[in-house]
Amino acid sequence: MADLIFGCTGATADRYAATPTLTFQLAITERSGVRVHAIALRCQIRIEPHRRRYTAAEAERLHDLFGDTSRWADTVKPIQLATVTAMVPTFTAVTEVELPVPCTYDLEVASARYLQGLDDGTIPLLMLFSGTVFVATEQGFTVELVPWSAEASYRMPVTVWRELVDAHFPGSAWLRCSRDTLDALSAFKARHALPTWDATLTELLAAADNGAAPDREGEKEADQR
């Protein structure tokens with residue numbers, strides 16, 4: 001029976017992937033001496049936010065996710081980052097494999113909101129492994145399961161996440177809104193001849209800060225159309 005130990009030795013931002021992708025380096029050790037023919041590996045990755053400290057600025061950004069810091073003992077819970085699969089080729093004793101993990105920058109997803117709120121330091125991750133192990137024997141192959149106790153902890157530098165975001169979305173962020181809101185923003189953008197969506201939101205924020213009345217007349221015209 002295979003005796004497997006899993007570890008994570010590093011993470012990099014894949015700058016040439018079609019979508020934002022982190023690549024984790026896994027080290028897998030087999031301690032019983034059998035030859036592993038292959039592993040159909042499944043990995044669930046969780047962020048464990050309670051395992052790091054936060055600056056006042058970070059805590060303010062994470063307020064909408066965890067609430068006031070006085071309640072963090074109750075509200076700060078693990079956050080799902082991804083669940084991915086990979087095939088591990090044949091090996092004996094020790095092998096190293098890469099685990100690609102597609103990521104999102106949608107700020108309505110809890111993991112992206114959390115990661116966006118961090119300035120520096122590390123991101124505490126917990127990797128939970130499962131899957132099927134194919135072991136080569138003199139009689140053929142035996143099939144075993146990766147034990148549910150198989151896991152690995154890793155502290156990924158925040159700089160790796162920043163590098164990933166900057167490679168795919170340099171100097172920008174993604175927000176989702178309803179079609180009605182988008183239509184209203186489009187009408188406002190056209191009426192004021194604003195060149196970009198960023199300029200449109202900046203104009204609206206400036207108007208709100210200055211206490212300007214909403215452009216109700218333009219909204220009525222848009223509704224009538």
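Reader: Which residue meets Arg61 in a salt bridge?

Author: This is a predicted model. Arg61 lies in helix 1. Its partner lies in the loop between helix 4 (110-116) and strand 7 (122-137), so the pair ties together parts that are 58 residues apart in sequence. The side chains meet at 3.0 Å, N to O, and the partner of Arg61 is Asp119.

Reader: Is Asp119 buried, partly exposed or exposed?

Author: Buried requires under 20% relative accessible area, and exposed requires over 50%. Asp119 has a relative accessible area of 41%. Asp119 is therefore partly exposed.

Reader: Where does Glu163, the salt-bridge partner of Arg15, lie?

Author: Arg15 and Glu163 form a salt bridge, with the closest N and O atoms 3.8 Å apart. The pair links distant parts of the chain, 148 residues apart. Arg15 sits in the loop between strand 1 and strand 2, while Glu163 sits in helix 5 (residues 158-168).

Reader: What is the relative accessibility of Arg31, and why does it count as exposed?

Author: Arg31 forms a salt bridge with Asp3, the closest N and O atoms being 3.2 Å apart. This pair also links distant parts of the chain: Asp3 is in the segment before strand 1 (4-13), and Arg31 is in the loop between strand 2 (21-30) and strand 3 (35-47). Exposed means over 50%. Arg31 passes that cut-off, so it counts as exposed, at 55%.

Reader: How many salt bridges does the structure hold?

Author: The pairs discussed so far include Arg61 with Asp119, Arg15 with Glu163 and Arg31 with Asp3. For the structure, the number of salt bridges is 6.

Reader: How far from Glu144 is the nearest side chain of opposite charge?

Author: Glu144 is in strand 8 (residues 140-145). Glu144 is buried yet has no salt bridge. A salt bridge needs the nitrogen and oxygen within 4 Å. The nearest side chain of opposite charge belongs to Arg31, and its distance is 12 Å.

Reader: Which residue has its backbone nitrogen 3.0 Å from a polar atom of the Glu144 side chain?

Author: Leaving aside neighbours within four places in sequence, Glu144 is in contact with Met1, Ala2, Gly131, Thr132, Val133 and Val135. The backbone nitrogen at 3.0 Å belongs to Ala2.

Reader: At what angle do helix 6 and helix 7 pack?

Author: Leu182, Leu185, Ser186, Phe188 and Lys189 in helix 6 meet Trp197, Thr200, Leu201, Glu203 and Leu204 in helix 7. The axes are 10 Å apart. The two helices are therefore roughly perpendicular to each other. The angle is about 90 degrees.

How values were computed
Residues numbered from 1 in each chain as written. Predicted model: local features only at pLDDT ≥ 70, side-chain atom pairs only at ≥ 80, totals over all residues. Heavy atoms only, no water. Helix = DSSP H or I, 4+ residues; strand = E, 2+ residues; numbered from the N terminus. Buried < 20%, exposed > 50% of the residue type's maximum accessible area, 1.4 Å probe, protein only. Lys, Arg positive; Asp, Glu negative; His and termini not counted. Polar contact = N/O pair within 3.5 Å; in protein donor to acceptor, adjacent residues only side chain to side chain. Contact = heavy atoms within 4.5 Å. Axes fitted to C-alpha atoms, helices over the stretch in contact; angles between N-to-C directions. Parallel < 35°, antiparallel > 145°, perpendicular 65-115°, else oblique.
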